[in-house]
Amino acid sequence: MLEFRIPPQVAKYASFMFSFIGRGVFYIFIGSIVVGTNWWKSTAGTIVGIIGIGYCVLEYIPSIEPPANMR
């Protein structure tokens with residue numbers, strides 16, 4: 001349901017999720033929280049962090065436009 005209609009609370013309180021850089025920093029933050037002492041926690045945190053770095057890089061590539069749900 002959120003794919004078709006975004007609640008107004010999300011736009012108000014989590015507006016950073018509507019840009020590549022905001023979403024990337026959020027993913028890096030979550031990835032750093034997830035990283036732990038066990039191998040599966042480290043793996044999951046690293047993957048989420050790498051995805052966050054990818055989002056941050058997408059912000060600076062002018063040929064890539066944000067999808068419709070991020071505008």
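1. Phenylalanine 26 is partly exposed, at a relative accessible area of 30%. Phenylalanine 16 is partly exposed too, at 36%. The classes are buried for under 20% relative accessible area, exposed for over 50%, and partly exposed in between, with a 1.4 Å probe and protein chains only.

2. A word on the basis. This is a predicted model, in which local features need pLDDT of at least 70 and side-chain atom pairs count only at pLDDT 80 or more, while totals for chains, interfaces and linings use all residues. Residues are numbered from 1 along each chain as its sequence is written, and side-chain values use heavy atoms, with hydrogens and water left out.

3. Now the rings. Rings of Phe, Tyr and Trp (its six-membered ring) count as a pair if their centres lie within 6.5 Å; planes under 30 degrees apart are stacked, over 60 edge-to-face, and the rest tilted. That rule gives five aromatic pairs. One of them joins phenylalanine 16 and phenylalanine 26: it is tilted, with 5.6 Å centre to centre and 45° between the planes. Phenylalanine 16 sits in the loop between helix H1 (8-13) and helix H2 (20-34), and phenylalanine 26 in helix H2, so the pair ties together parts ten residues apart in sequence. Helices here are DSSP runs (H or I, at least four residues), numbered from the N terminus.

4. Which residues do ring pairs link into a cluster? They are Phe16, Phe20, Phe26, Tyr27 and Tyr55.

5. Helix H2 has 15 residues, and its end C-alpha atoms are 21 Å apart, in agreement with the 21 Å it should span at 1.5 Å a residue. The expected span is 1.5 Å times one less than the number of residues. Phe20, Gly22, Arg23, Gly24 and Gly31 are buried in H2. The buried residues of H2 pack against H3, where contact means heavy atoms within 4.5 Å.

6. Helix H3 (residues 39-59) has 21 residues and reaches 31 Å from first C-alpha to last, close to the expected 30 Å. Its buried residues are Gly45, Gly49, Gly52 and Cys56. They cover an arc of only 55° around the axis, which puts them on the same side of H3. The arc is taken over the directions from the helix axis to the C-beta atoms. These buried residues of H3 pack against H2. The face turned away from the buried side carries the exposed Trp39 and Ile50.

7. Last, valine 25. It is in helix H2 and partly exposed, at 48% relative accessible area. Its C-alpha atom is separated by 12 Å from that of leucine 58, 33 residues apart along the chain.

Definitions and conventions: Helix = DSSP H or I, 4+ residues; strand = E, 2+ residues; numbered from the N terminus.
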